[in-house]
Amino acid sequence: MPLDPGRDVSDRGLIARLQHRLRLARWNRTPGIQVARSATIAKTAMLQLESDGHLFGGRIVIAGGVTLSDGVILASYGGTINLEECVYVGPHCVLYGHGGLTIGRDTSIGANTVIVPASHGFSRLDVPMNAQPMTREGIRIGSDVWIGSGCTILDGVCIGRGAVIGAGAVVRGEIEEFAIAAGVPARVVRLRTEGAARSASPRRESAQ
């Protein structure tokens, strides 16, 4: 009797959904981790309260509609990682929690981006940098932000809603709402509101 390809695909899909539900149940049984049932998390993604052989604790909260792609790592390092609704995190991104990381709803993050809400101290010359106190200012990324592939977001950053961060940028400090920023270090090249005003002008003129 010939095999039914459609049934085979359907069976594999059912198995994948069951496996995903089991992973969600396992994570939600872990103290400090909370994952909404509608989140989609790749099999190779990792949620870590324990890193480098040490249990740091902290908290990871993933809201509904979030997608974590292949190879994504969320490591709390004693802080909190909070992903709001419908956040997309592309392949092989690394998001740390040290001083606290919050990412607003509908934000998309391109592949291979690293977000680090902490920084090594280096003010003293007589003490190795890895033994100096770290800063943990935290990072806040607003809603509807687009972060391109290969970006680095450093401690203390605040990115306003609707901003766009160009691929490969290194972000420090504050990026205002609806700004388009690019480069190393990232600088605002223009505002999305300027483009919206230009595109709206012909409509206003034609209506007169």
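Reader: Okay, what classes of residue make up the lining of the largest pocket?
Author: By class, that lining has five nonpolar, five polar and three charged residues. Here Ala, Val, Leu, Ile, Met, Phe, Trp, Tyr, Cys and Pro count as nonpolar, Asp, Glu, Lys and Arg as charged, and the others, Gly among them, as polar.

Reader: What's the volume of the largest pocket, and which lining residues are closest to its centre?
Author: The volume is about 270 Å³. Of the 13 residues lining this pocket, the closest to the centre are Ala 118, Ser 119, Thr 135, Leu 154 and Asp 155. A pocket is an open set of points on a 1 Å grid over the protein atoms alone, where a 1.4 Å probe fits, with protein on both sides within 12 Å along at least five of seven lines; lining residues have an atom within 4 Å of a point. Grid points are joined across faces, edges and corners, and the volume is the space filled by probe spheres set on them.

Reader: Where do these coordinates come from, and what's counted?
Author: This is a predicted model, where local features need pLDDT of at least 70 and side-chain atom pairs count only at pLDDT 80 or more, while totals for chains, interfaces and linings use all residues. Residues are numbered from 1 along each chain as its sequence is written, and side-chain values use heavy atoms, with hydrogens and water left out.

Reader: What's the average pLDDT for the chain?
Author: The protein chain averages 89, and 86% of the residues score at least 70. pLDDT is the predictor's confidence in each residue, from 0 to 100.

Reader: Where does pLDDT stay under 50?
Author: Over residues 204–208, for which the model has one contact beyond four places in sequence. Contact means heavy atoms within 4.5 Å. Where pLDDT is low, the predicted coordinates should not be read in detail.

Reader: Switching to sheets. What's the strand order in the seven-stranded one?
Author: That open sheet runs β1-β6-β9-β12-β15-β18-β21, with parallel pairing. Its edge strands are β1 (33–35) and β21 (174–175), each pairing on one side only. Strands are DSSP runs of E, at least two residues, numbered from the N terminus, and two of them pair if DSSP finds at least two bridges between them.

Reader: Which residues face each other there?
Author: β1 and β6 (residues 59–62) pair over three bridges, with Ile 60 in β6 as the bridge partner of Ile 33. Four bridges then join β6 to β9, where Arg 59 stands opposite Thr 80. From β9 (80–83), three bridges lead on to β12 (101–103), and Asn 82 stands opposite Thr 102.

Reader: And the eight-stranded sheet, what order is that?
Author: The order is β2-β7-β10-β13-β16-β19-β22-β23, again an open sheet, and the pairing is mixed. The edges are β2 (40–41) and β23.

Reader: Which strands in it run parallel, and which antiparallel?
Author: β10 and β13 run parallel, joined by two bridges, and Val 89 stands opposite Ile 109. β19 (164–165) and β22 run parallel too, also over two bridges, with Ile 165 opposite Ala 181. β22 (179–182) and β23 (187–191) pair in the antiparallel sense over four bridges. Ala 181 also stands opposite Val 188 in β23, while Ile 180 stands opposite Arg 190.

Reader: What's going on in the β22 and β23 hairpin?
Author: Four residues lie between the strands, and Gly 183 takes a positive phi near 105°. A cis peptide bond joins Val 184 and Pro 185, with omega about -5°, and Pro 185 is in the loop between β22 and β23.

Reader: Which residue other than glycine has a positive phi?
Author: His 92 does, near 65°, in the loop between β10 and β11 (94–96). Most residues other than glycine have a negative phi, and most peptide bonds are trans.

Reader: Last one: how many salt bridges?
Author: Five in the whole structure, counting a side-chain nitrogen of Lys or Arg within 4 Å of a carboxyl oxygen of Asp or Glu. One of them is Glu 85 with Arg 105, the closest N and O atoms being 3.7 Å apart. That pair links distant parts of the chain, 20 residues apart: Glu 85 in the loop between β9 and β10 (88–89), and Arg 105 in the loop between β12 and β13 (108–109).
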